[in-house]
Structures are given as C-alpha cells and as structure tokens.
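Here are some friendly notes to read alongside the model. Take the points in order, and keep the structure open as you go.

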Amino acid sequence: IHASFGLEHCFRELGQMYEAVMYVAERNELVQQIHHLPQVVAKLFISGFPLELMDGDAAHVPLKWVLAVLDEVKQLLGDVRIFVLSVLGIQSSGKSTLLNTVFGLQFTVSAGRCTRGAFMQLVPFEDSFKQKLKCDYLLVVDTEGLRAPEIDSEESIKHDNEIATFVIGLANLTIVNIFGETPGDMDDILQTTVHALLRMKCVRLNSSVKFVHQNVKAVSDKTDTGRQKFLEKLDKATRIAAKQEKVEDKYQSFSSVIKFDEKSDIYGFPCVWKGDQPMAPVNPGYCETAQTLKSAIIEAVEAKKEICTLSQVQSHVEDLWKAVLADDFVFSFKNTVELSAYKELDAQYCQWSWEFQKEMIEWEGIARNKMQTSGGSAKLNELQRRMIKEGHSKARDVYDRLMKSIKNLFENNEQRETFAQWQVNTELRFRELLSERETQVERFCMSIISKNQAGIEGVKMQEQCRNKFLGKVKELVHKMDGMTLTEEEQEDRFNQDWAGWLQELNDSTPKGYKPDVDIESSIERCLKSLFKDQKPTIIFELKKNPLKKRKNCLEMPTKKEDHMNTRTKWRGWRSTTITDEDIIIAQRATESTFAGIQECFRTEVESLLYNEGVVIAALETMKELISKSEEHQNFQFTPLYDVDMALTVAGYAFHRFNTMMEKLQMEQDPIEYVKKLKPS
C-alpha cells in the first residue's frame, strides 16, 4: 500500500509523547502510563520491524526514546554483539532496493523521496554463523536520499551533511551508493563528513566504506579514471581539514579517516530490471553482484577484531548525536574547500576586528587621562558628552578605513567568487561591530565619570561620617566623665557604642562605586567570540569549571598527549614523535606567552575599572605569541592547548578585575573609611 501516512508515523508520535513526558518526569502518574511503550516497540523491532532512528521531517534523533527502546531490547536479548551497517546515497539511487535485495528486508521503495530520516532494522545471524563471526546481529541503517529537490538548497546542505556524518560515524561499515559512474554530490558530502569526524573528539574513527555504482555493468577503465580523481579530491580535502584541526601528522588521506581500499571496495551493479517495466523480470546480474557484496560484508564482520555490544552502540549513538548538535558549524558548508575559504575570510575579519579594537584601546588610554584630571562634578557631565562625541568620531574613522580593506578583499582576492556569498553578511557584521564599539565608548566614558563622581561624593560622605563619629565620641566621653569606670570598662563601653554606630551608619549610608557590568559573562562572551571553532569545548569546560573557580594565576603545565602534535614535515624531514626536549621547549613557550599576556593587564592597575577591550587584547596577544612560538619547531600546539590557555587567561582576568573592583569599592566605602578611624 502506497500512502503518505504509515505505521512509522504512529511510532514517531509515541516517541514524541514519551520524550515529552520524560522531560517532566516529576509527574509520576504520567510516567506510569507510558513506561511500557518502549517495550512494545522493542518487541516489534526484534521481530523485524524498522525503528526510526532519525526523524526525517525534523532532522532530529529522539535520544530518550531510542535509548529506552534499545534498553528494552537489551532486557529481552541480553547485551548482544552487533555490527552496524549503513547505506548512504543521492535520492533515488537505489539504496533501499539494494538493502532489501541483499538482506531480504522490507524498507519502503518507490520513485522520489520514500525514506525520510534514518531507519534501523535488526538482522539476526544464524547460530552457526554467530560462533564463526563472533557477532549476534547485524544492525542495518537505511537513510533518506541526499540532495532531495523537495528541500531548500541551503537547508539541504546542512541537513544532508548532518545525516551523512551521523550514519558514517555510527556504522562499522557504510555502503556509499552512487547512481552511474560519477560520484556527483557525494564528493562534497564526504568531504564535509571527514572534516566533521576529525573535529569530534569523542567519536571513534573506525568507520569503513564500500562504493557501489548502480546501473554500471562493470567497473571500467573510464570508471577507474573518474574514481581516481574523486579519491584525489577527497585526499586533498582530508589534508586541508587535518591541517585546520592540527592533526595532519595522523591523517593524510581519506582512507586514514574512513577505511577504504580502492582495489577491493568498489562494486558495479547492473540495472535491477532486465528490460522495460512493467513486465521486465529481475536482472540475474544484479542478484549475483548483490550476493558478492553480501559475502564481502560478512567477511568484513568476520575480520572485525572487536564487535561492539548493544550497550556500546547505545553509548555511541548518544555521544555522536550530541557531537553533531554541538558542532553544527561545519555542516553549513558545501565542502571542505568552501569551509576553508570561509575560515580564511573569518581569520581576516578577526584581524580587522582586532585592529579596530587596538585603536580604540589606545584612544581609551588618552581619554582616561583627560577625564581623570578633570575638575569638580559640574564639569564632568560636559566632559562626558565631549569625550563620547570624540570616541564616536574616532570609531567612525577607523571603520571607514577598514571598510575599504574589506571591499578590496571581496573585489580582488583569488577566491572572490567563493567569498561573494558572504560579502553582505560580512559588511553587516562590521556595521554591528561599529555599533558595539560606539556603545563601548559610551560605557567607558560613563564608567570613568561615574568613578570620578563616586570619588567626589565619597570624599564628601567620608568627611561627613568622620565629623558625625567625632561628635558621637565627644558625646560619649562627656557622658562617662562623671562615671567611676575602670579603663577596661571604659573600653568595653566604647566598643559597644562603636559597633552600634557602625550598624546605624551601614543601614543609612549608600555603598561606594559599583560597576554595572557582569564581569564573568563579559569575559565568557569574549572567549566564545574569539574561539568560534572551539566554542562547544569552551562551553563544556566553563560548565565543568567556571571562571570564578579557576586559579588566579597564569600557570599551566604543557601536556604531551593533549597539547602537542608533531608536524608533518619540518626542514625537509618527517618527525613522528614528541621528544623530551620538545616538551621543555613547549613549556618555556607557555611561560613566555603568559609573560607577554601579563603586560596587557598592567595599564589597568591605576584605573581600577573593568575593560572588556583589555581581555580581548590579552586573548589576541596570546594567539599571536602561540603562533610565533610554533615557528621552526618540530611540534605544533593542538586546538585543546589554545582552549586551555584561553581559559587560564580568562580565569586570571576575572580574578584580577574582580579584585580591582573590590579594592575600588573598599576605598570609596565610608564604612571602611570610618573603621580606620577607630583607635587601636
């Protein structure tokens, strides 16, 4: 029966209901009503019914539901050994037909988009095979056709890249189904998949692929030539991705990321029908090749040294999908070349942004001196207006100059055709940067003026408190003048009254200067902005160890395993190991970098004010010094090293500025001033 509504839609609704109820699990009566649903679906899944792994309409994996069903499968079958096989290909290339033929399954087949999302089906091995293969089940994952015309082109790129990365990362073996002799869009999809897998630290890189050419009688010389060019492009894309992720010493070819042998992992399938429909019989040649492929898959299972258990598959599904969601940046690009071009543009944009920030920091230093040497509060408001106007004018001049550089890049760069798609967005981002800098100028001027006003008011308040307390002390002395008290009793009476006066003053007197900025949030925003590629890692690390709990010092041990990689080539020869001497050099480079960063904070000691620009300057200086320290060395620092260094600098900046603010408040707090007046 061909219908747009099927049983899988009912199961999807059950899954969504289960997810919604478990999200608000405190309502126990609802949990009791739906707790049996995973068991019902698990029994159907074991009997051979496909289970939806990814919702094709929402491009979402309902993790709670899928894991609950697999938990029930584990209860029914035990923690069985499973080999995961997936299929991937362009829409209407015959993926479901191939799986149905090879394994006798019943995935939906038709012209156009018949599979949506990803479905998995459990195929048991015969008992005699289980002993030989050391595997109990084959988990077959069928996916929707990629580059579907029904989906908008921009959404299709992201959607398809996510599916491809998820199923290839999940599977032990993936069949890449290609209609005809040329790979077409699969070239771009596989490039992005490789890059995404390299970025996902928690994902095991043990996938392998086999290429199947549909409607090709045999793999000819012409196919060999086209395939060779195809693999060369994938190898080049892998090297580009590995270089960007600083792992080029480990991954130099496509097959080093996803296992593939061009001699044995390519199959040519003839047309499934022999003749014209509707009376054409099944082509025996198709069935014969399907049997050959099936034998090769079983050999791959047998050759696998370690077969995952169902528990490990569950864990891998969860880790992989969370990694896909966290690292969605890569999936928006058509291929690695486009991603590389964007990163080049973004690096240039960061350079322009840093130039903009540097010039404004220099202006702030001059403006601070002018405002701190100003007269009384009557002149402060006029000075504030004048300095804000001057700051806006400075920001506009820098913006106009840098905008010329931006337009020049888009008009004259070698990659201008690729860059063109991002020109409008880049110019809008730079206009927003101008607006941010103008707002920063206003905040800066207002903070300086507020501090000066608070200082003036604080001095007046301190003088008033001093006179008030002197009056109270004189009054107390007058009262005790006629009393016959010992020296100890006089001291006790004074201390008792002094504590009361302080409490009275504390209740009636406003505190000193308080900043109107959340220092921790501001520094976190700087981190995420300057380290976009590592944003998921930064968010994870900050949740685990927030800035306020980090050390108030610029110290960090350099770890060989996490922080250093060997370079692919250095001075004409290849190095494969990190030596003890390299570790010593790296630690010295770390200490030298921290020393350079320390200079960025010295200018702020006297002002005692938080300045986001100083944090940005410290992080940018850190990046420059790390890059210089890697030059002419046998090693290079990993992205994790950059993140750990940035978090160390951010933690130090938070504590430093927080201490400065507390010191400023103490200096202007009349309570603290009065406490110093008390005789010891």
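1. Let's begin with confidence. The mean pLDDT of the chain (the predictor's confidence in each residue, from 0 to 100) is 78, and 80% of its residues reach 70 or more. This is a predicted model, in which local features need pLDDT of at least 70 and side-chain atom pairs count only at pLDDT 80 or more, while totals for chains, interfaces and linings use all residues. Residues are numbered from 1 along each chain as its sequence is written, and side-chain values use heavy atoms, leaving out hydrogens and water.

2. Helices here are DSSP runs of H or I with at least four residues, and strands are runs of E with at least two, numbered from the N terminus. Over residues 569-575 pLDDT stays under 50, and the model has twelve contacts (heavy atoms within 4.5 Å) for them beyond four places in sequence.

3. Have a look at helix H5 (residues 95-103). Among the buried residues of H5 are Leu98, Leu99, Val102 and Phe103. Their cover includes strand S2 (81-89), strand S4 (137-143) and helix H11 (284-303). Just after H5, Gly104 takes a positive phi of about 65°.

4. H12 has 17 residues and reaches 24 Å from its first C-alpha to its last, close to the 24 Å expected at 1.5 Å a residue (1.5 Å times one less than the number of residues). Its buried residues include Leu310, Val313, Val317, Leu320 and Val324. An α-helix has 3.6 residues a turn, so residues three or four places apart point the same way.

5. Now for the rings. Phe, Tyr and Trp rings (six-membered for Trp) pair if their centres lie within 6.5 Å; planes under 30 degrees apart are stacked, over 60 edge-to-face and the rest tilted. The whole structure holds 13 aromatic pairs. One of them joins Phe410 and Phe419 edge-to-face, at 6.3 Å centre to centre with 75° between the planes. Both Phe410 and Phe419 are buried. Ring pairs also link Tyr349, Phe356, Tyr399 and Phe430 into a cluster.

Methods: Buried means under 20% relative accessible area, exposed over 50%, partly exposed in between (1.4 Å probe, protein chains only).
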